[in-house]
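Try each one before reading its solution.

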Amino acid sequence: MDLSKIEFGARMKTECFHFEEGYIFVSHGTYGEVPVKIRDKQKQLLDTMNDNTGKYFREVTPRMYMEAITAAAAFLGADPNNLVLVQNATSGVNTVLRAFPWKQGDEILTTTYTYKAVQNTCHRMSQLSIGCKVHQFEIRFPISDESELTKAMTSCLDQNPNIKLAILDHITSSTALVFPLKKMIEECRKRGVLVLVDGAHAPGQMEIHLEELRPDFYTGDFHKWMYTPRGCAFLWVHKDHQGWCTPLVTSNKYKEGFQMEFCEQGTRDDIPYFLIPEAIQFYKDVGGMDKINRYKRELLGPASAMLAERLQTRLLEIPDSMVAPGMRLVLLPEYQGYPKTVEGSEKLFLDLTHFHKTNTAIFCVQGELYIRLSVNIYNEMADYERLAEVLCQLPRKH
């Protein structure tokens, strides 16, 4: 099958993916979706593992792990020696924070839209004996220029000189905001602050050249926008930190080298890692980043504008340079029974899933509820028109 000739949208969905019938799938960014071709390979590898476990874990696993590292490094513009695989970006963040050589008085910088699991990990670190204080720099909407983020960050750094590590998103999860990462890293460098990038949503959406970007640490998911099974992610660590940045699990390869310590973590299913080469090939075969992102943008713009018009609301106000290729937030009206709180967002998400068969992502941003639209190669405008029908039928407050 020549994947490059399959038209994006309904035909791509029918020929390359499989979904439960009757549902609206407009939240690709939450967990990603796995093409049938990759699913079949996953099942094949599972049989290979179970048919001869001794050979699989002792011979196949080390070989396929390094093959996956090689493919991932080429895709990410990384030196393979600086790259290891982890289950998800949360694991990558935890790895760095728990291994970090903290000293009394050291502090951490996050933002008001740092991913909840990452924020929780930072607060967990603050409760340990060393007691790292956690700061947040505020992100306020509307944003008229990306320099506003850099200024907010540098202001917080200058006011708190004990900050040793800044955790920056490449694309925020809850607000789909692309950070001016290169400039922000430069400003941290000037102040001697190390940078950990949470790039969970970036691989497959953004061009990434890790050896050029050169943060201190970068972690990102392959299972969100790169079509691997879950969980499959990477952690890039600058060579200066590889001596102390050890995995969360200490296992048989302790002190046998940076990559080997991450490679062998006891008996587990690493098949999602081993499918990185096949997933990258699928990504390229359907057209690659330029074609995929062009389709996403050409659908996301009209879809989000249509939904905002139908709801008589607006898009989250950010400059074009900060709009993610495949995600955008639309303000929701005030609905009966759904307060404009985190709890209200969760209740609305669950009710849309259970009663309206709609896979969505709802977030509370500055005291308002927003829906985060995702677009991928299997979506078409009809998906968002169905979503609009559902949202327009919900009873509003008067």
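Start with the space in this fold: helix H2 (28–31), helix H5 (89–99), helix H6 (116–126), helix H14 (342–356) and strand E11 (362–365) each supply at least two residues of the lining of the largest pocket. Helices (H or I, at least four residues) and strands (E, at least two) are DSSP runs, numbered from the N terminus. This is a predicted model, where local features need pLDDT of at least 70 and side-chain atom pairs count only at pLDDT 80 or more, while totals for chains, interfaces and linings use all residues. Residues are numbered from 1 along each chain as its sequence is written, and side-chain values use heavy atoms, leaving out hydrogens and water.

**Exercise 1.** Work out which helix gives the most to the lining of the largest pocket, and which residues lie nearest its centre.

*Solution.* First, the element: H14 gives the most, with 5 residues. Next, the centre: of the 45 lining residues, Tyr115, Lys116, Ser173, Phe363 and Arg372 lie nearest to it. Finally, the space in this pocket comes to about 1,300 Å³. (On a 1 Å grid over the protein atoms alone, a pocket is an open set of points where a 1.4 Å probe fits, with protein on both sides within 12 Å along at least five of seven lines; lining residues have an atom within 4 Å of a point. A volume is the space filled by probe spheres set on the points, which are joined across faces, edges and corners.)

**Exercise 2.** Find the residues that Leu391 touches.

*Solution.* Begin with the largest nonpolar core: it has 137 residues, and Tyr218 and Leu391 have the most contacts inside it. (Such a core is a set of buried Ala, Val, Leu, Ile, Met, Phe, Trp, Tyr and Cys residues joined through side-chain atoms within 4.5 Å; buried means under 20% relative accessible area, exposed over 50%, partly exposed in between, with a 1.4 Å probe and protein chains only.) Then list the partners: leaving out residues up to four places away in sequence, Leu391 touches Leu307, Leu311, Leu332, Tyr335, Leu352 and Ile371. Contact here means heavy atoms within 4.5 Å.

**Exercise 3.** Is Lys255 buried or exposed?

*Solution.* Look in the loop between E8 and helix H10 (258–263), where Lys255 sits. Its phi is near 65°, a positive value in a residue other than glycine. At a relative accessible area of 66%, Lys255 is exposed.
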